[in-house]
Amino acid sequence: MKKLVLSSLIILIGLTFIGRLSYLQLFRFSPDQIFDDPAIKVVYDYPERGYIYDRDGELLVANQPAYDVMVIPREVEPLDTLEFCSLLGIDRERFVSQLKKARVYSPRLPSVMVPQLSKEDYAGLQEKMRKYKGFYIEKRSLRDYKTNAAANVLGYISEVNEWDLKNNPYYEQGELTGRTGIEKQYEEVLRGRKGVKMIQKDRFNREIGPYKDGALDTMPQPGTEIRITLDKTLQEYGERLMNGKRGGIVAIEPETGEILALISGPTYDPALLVGRERSRNYSTLHYDTISKPTWDRAILAQPSPGSPFKTLNALVALQEGVITPETSFRCYHGFYVGNKLRGCHCGGGLRTMNSGIYKSCNAYFAGTFRKFYDSYETTDAAMDVWEKHMKSFGLGDFLGYDLPTGAKGRVPDKEYYDRVYGDGRWSSTYIISNAIGQGEVAATPIQLANMTAAIANRGWFYTPHLIKQIGGDDISDPKFTQKHYTTIDPQHFDPVIRGMADVYEKGTAKWLSIPGVKIAGKTGTVENYTKIDGVRTQLTDHSLFVAFAPVDNPKIALAVYIEHGYYGARYAGHIASLLIEKYLKGEITRTDLEKRMLEKTLEKEYAKPYSGEEFEINEYVW
Amino acid sequence: MSGSSVLRRVDWLTVFLFLTLIAIGWVNIYSSTFNEEHSSIFDVTQRYGKQLVFILLSFGLIPLIMALEANFYERFSSVFYVGALALLLGLFLFGKNIAGATSWYDLGFFNFQPSELAKATTALALAKYLSDIQTDIKRRKDQLYALLIILIPALLIIPQPDPGSALVFFSLVFVLFREGLPLWYLGLAVAAILVFICTLMFGTVWVGIGLALMIILFFMVKKPTYKMPVLPLVAIYAGAIILSLSVNFVFENVFEQRHRDRFSLWLRLEKDPEKLEQIRKTIGYNTYQSEKAIESGGFFGKGFLEGTRTKGDFVPEQDTDYIFTTVGEEWGFVGTATVVILFTILLLRLVHLSERQKNPFSRMYGYGVISILLIHYFINIGMVIGVLPTIGIPLPFFSYGGSGLIGFTILLFIFLRLDANRLKEWS
Ligand SMILES: [Zn+2]
């Protein structure tokens with residue numbers, strides 16, 4: 001009996017120990033403990049970040065060295081704070097608070113004490129650093145911009161934040177990561193992989209030697225250079241034209257889907273977001289909530305597409321056999337919805353597809369739209385067909401281009417109207433505005449440019465993209481090298497394109513044609529409302545223009561969107577015309593037109609709603 | 001008895017376990033004290049080299065122990081006991097102070113720690129006294145004498161100071177229980193410890209409520225015919241409350257902060273993360289580092305000589321009291337579980353051997369051996385893996401140290417010698 005008691009006690013102790021050991025070694029154990037191991041010091045070797053070139057191999061982004069003062073809090077020994085602060089060029093409070101922050105993050109891991117010293121500061125500090133135990137200088141590489149344009153496309157890099165550290169085990173405090181744009185999208189390509197060296201230490205923090213004789217150490221893998229599809233000249237020129245204007249421009253090479261220019265106005269010099277001034281400059285830009293320079297209008301603004309959208313409605317009606325190009329509708333200087341007349345500025349009369357497009361007749365497209373709807377038994381069925389066609393042009397959803405942000409735009413479907421009007425309690429008259437691109441449809445400039453490219457290609461497009469080469473190799477990502485076909489058969493495009501060409505020949509953009517270049521385009525004027533003190537107020541229209549050229553062998557398709565630019569042919573049309581000429585011919589022959597665009601700003605227009613006074617809209621200024 | 005019959009009758013399983021534990025122990029001492037410049041295992045300037053010498057020395061003692069007649073140990077147990085006491089007393093005059101404790105004699109080539117030897121002699125003396133025909137463990141007077149045999153060496157060791165070693169002697173009371181000391185003594189002691197721990201963890205009020213609930217429960221499940229010992233129950237209850245109150249008083253007023261911290265750490269009483277961090281860095285540093293080192297070993301461990309924390313010397317006293325952390329870091333759960341299982345088998349085997357002794361002296365000595373090995377193993381590993389407070393005693397056969405190893409070898413092999421003789425009549 002007593003024998004059993006003692007034996008049980010021995011077994012019980014054994015089980016308790018094994019239980020506790022399982023908890024420690026099986027449950028609490030985690031395999032990446034090596035980085036938390038105080039006995040191992042991990043030293044990194046950072047590779048240089050990859051350069052970024054434009055489509056012709058012109059350098060856009062290179063690197064410049066910068067120096068961070070780092071601290072490992074537990075290694076800090078008493079020091080002459082005053083002297084050290086003056087060396088670092090910071091005040092005592094900042095020193096104390098930074099050190100405290102570092103200690104809270106980790107007493108054992110390095111934290112940034114003073115980020116991004118200039119070369120001059122570094123030179124003065126270098127020899128004196130030895131004196132201050134626990135502090136050292138880490139060389140980093142910052143971006144060096146060879147252009148003052150494309151800030152919205154290139155994006156910027158900045159120090160990793162707590163979120164990054166928590167969510168991506170690759171990063172350590174003080175490292176840099178692509179924050180927006182190409183820098184973010186291609187972070188891993190550009191960054192390369194840092195080399196890791198592990199050093200065995202003892203508890204007095206002395207280095208004993210390489211851990212496992214360096215078996216786990218890795219060499220740094222250099223960042224890879226990339227070539228993007230932007231045309232530096234076109235991008236810079238476009239940004240100059242956007243002087244004092246808000247809006248977005250996207251130009252695409254139709255046969256490849258390569259984005260030639262992606263412009264947002266207002267913009268800023270990318271060099272502002274480099275170095276010690278970065279965070280202050282960023283705040284200034286970010287908190288400008290009125291002109292929003294960091295908000296990329298080319299991919300985020302979602303205006304109604306306006307008249308350019310009429311071309312798609314024409315294509316849908318042709319594809320479904322509802323009309324032929326010769327089918328005509330009468331314009332009564334407008335069209336009736338119920339017994340209410342909605343206006344049209346085309347001049348009135350009998351309109352076929354050709355004159356409907358180049359004169360941008362609202363009545364013609366309202367008629368087409370109605371006819372299309374009436375050919376189906378239910379509006380639901382019609383809506384499904386319409387939605388399918390529209391979405392095949394890349395509208396109503398993320399396009400899938402290689403930038404980290406974007407907007408979906410909107411192609412309203414039957415569910416949308418069921419939600420707005422109630423189940424089935426709507427008909428074609430409710431949604432007739434979509435016929436002229438003024439209803440519930442919405443599209444970003446890049447979606448409009450892509451739609452234009454699809455028309456230029458007579459029915460297909462490549463997903464627009466910015467990446468051209470990675471490390472000297474042409475891209476092979478099927479996302480960007482696979483054709484997307486629209487649901488419209490190729491033969492239906494010709495009459496529509498003829499109408500768009502006539503916009504330049506005899507229509508709304510007659511005086512914007514370029515000698516020797518055949519352009520197809522479509523103007524758009526989008527009504528613009530805002531709330532001022534809670535009252536819905538109309539502002540000057542947004543100006544829209546889509547175009548491609550040359551008509552028979554399209555090299556460029558673009559969409560220009562200018563906020564408060566009044567009617568389409570004005571600001572947007574002018575800029576589109578200049579960009580096409582610049583890209584196709586390399587020089588501008590119509591210097592008066594160019595001068596006007598470079599100089600005219602819309603600042604006065606933008607200030608109106610904030611003036612607190614009565615104001616006119618859609619003024620004719622020139 | 002001839003030498004060959006001892007060889008035939010010795011319990012080879014125990015010998016095998018003994019050798020295995022010593023071998024594993026030495027490998028881990030080698031790793032803990034490894035030094036690139038002295039990698040020869042016979043380098044006696046290094047601790048692993050010295051330990052190898054101690055191991056060989058112990059092995060040399062074994063034939064000697066086995067060669068003596070079994071009844072020699074019984075006959076001379078009083079002499080050994082008194083001799084060991086004399087050595088302990090001598091420390092007050094000739095002892096060598098190492099790290100604040102005067103526990104050693106400087107013998108030139110090594111430091112000898114008599115308390116390690118006293119463990120075996122006390123076990124022998126206790127067995128001798130209890131097995132005497134005139135001793136009756138049910139008698140108060142005899143209980144007191146038995147207790148004195150245990151207490152005297154302990155009292156000589158406490159002022160060295162070496163409370164850990166002194167504690168080991170108290171484990172010999174297990175022998176008394178085996179031989180008939182009423183079990184409720186033990187029950188009372190366990191209950192007192194429980195009250196002590198519960199008071200610290202939950203406070204006197206909850207101890208009072210909990211105890212009352214238990215008594216009520218006891219009343220509810222008792223057989224109707226059972227006559228309730230009301231008065232003793234009240235007395236026990238009152239005693240527990242008084243004990244609980246005095247625990248509070250002692251903890252707050254008699255204990256020093258470092259003692260309090262030790263308990264706070266053990267019972268996880270401190271909830272304030274900042275203070276906890278503070279305790280971890282000071283009094284809890286060893287425990288924290290040893291837990292971390294063991295934890296970092298995972299299932300398979302980092303491999304022989306690959307323990308980063310071992311190499312970096314992060315766990316203090318890693319070759320002595322904290323040797324088990326090296327097992328944990330380099331051999332992982334596989335290693336630690338193996339060691340625990342080996343100790344468990346060894347102890348169970350010794351229980352079995354003790355019980356099969358016909359001679360009461362052999363049996364009682366056997367229990368003495370078990371008690372001493374068990375308390376070392378229990379407290380040492382319990383401390384290293386953080387389930388017991390920090391009490392510095394070595395892990396038998398593992399920890400670096402000549403006196404310890406030789407002491408444990410003598411302790412174990414005297415018993416094996418007695419066991420080999422179990423079928424012979426004693427003369
Ligand atoms: Zn009209």
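**Exercise 1. Is A:His333 buried, partly exposed or exposed, and at what relative accessibility?**

Let's begin with the ground rules. This is a predicted model, in which local features need pLDDT of at least 70 and side-chain atom pairs count only at pLDDT 80 or more, while totals for chains, interfaces and linings use all residues. Residues are numbered from 1 along each chain as its sequence is written, chains are lettered from A and ligands numbered from 1 in the order in which they are written, and side-chain values use heavy atoms, with hydrogens and water left out.

Step 1. Recall the classes: buried means under 20% relative accessible area, exposed over 50%, and partly exposed in between, using a 1.4 Å probe and protein chains only.

Step 2. A:His333 has 49% relative accessibility, so it counts as partly exposed.

Step 3. Now place the residue: A:His333 sits in the loop between strand S13 (329-331) and strand S14 (334-337) of chain A. Helices (H or I, at least four residues) and strands (E, at least two) are DSSP runs numbered from the N terminus.

Step 4. Check the backbone: phi of A:His333 is near 50 degrees, a positive value in a residue other than glycine. Most residues other than glycine have a negative phi.

**Exercise 2. Describe the surroundings of the zinc ion.**

Step 1. List the protein donors: A:Cys331, A:Cys344, A:Cys346 and A:Cys361, each through SG, lie 2.1 to 2.4 Å from the zinc ion. Donors are N, O and S atoms within 2.8 Å of the metal (3.2 Å for Na, K and Ca); water is not among the atoms, so sites may look incomplete.

Step 2. Look at the angles: the four donor atoms subtend 103 to 114 degrees around the zinc ion, so the arrangement is tetrahedral. For that label, four donors need all angles between 85 and 135 degrees. The ideal value for four tetrahedral donors is 109.5 degrees.

Step 3. Read the spacing along the chain, which is C-x12-C-x1-C-x14-C. A:Cys344, in the loop between strand S15 (340-343) and strand S16 (349-351) of chain A, and A:Cys361, in the loop between helix H13 (353-358) and helix H14 (362-374) of chain A, are 17 residues apart. Both A:Cys344 and A:Cys361 are buried.

**Exercise 3. Follow chain B from H7 into H8.**

Step 1. Find the cis peptide bond: it runs from B:Gln160 to B:Pro161, with omega near -5 degrees. B:Pro161 belongs to the loop between H7 and H8 of chain B.

Step 2. Continue into helix H8 (residues 163-170) of chain B, where B:Gly164, B:Ser165, B:Ala166, B:Val168 and B:Phe169 are buried.

Step 3. Identify the neighbours: the buried residues of H8(B) pack against helix H6 (114-131), helix H7 (140-157) and helix H18 (360-384) of chain B. Contact here means heavy atoms within 4.5 Å.

**Exercise 4. How many residues of chain B are in contact with chain A?**

Step 1. Count them: 45 residues of chain B are in contact with 32 residues of chain A.

Step 2. Turn to area: about 3400 Å² is buried between chain B and chain A, with carbon and sulfur atoms giving 70% of it. Buried area is the accessible area (1.4 Å probe) that two parts lose on being put together, summed over both.

Step 3. Pick out the contributors: B:Glu295, B:Phe314 and B:Phe333 supply 18% of the area that chain B buries against chain A, more than any other three residues.

Step 4. Finish with confidence: the model scores ipTM 0.91 and pTM 0.65.

How values were computed
Tetrahedral: all angles 85-135°; square planar, octahedral: opposite > 155°, others 65-115°.
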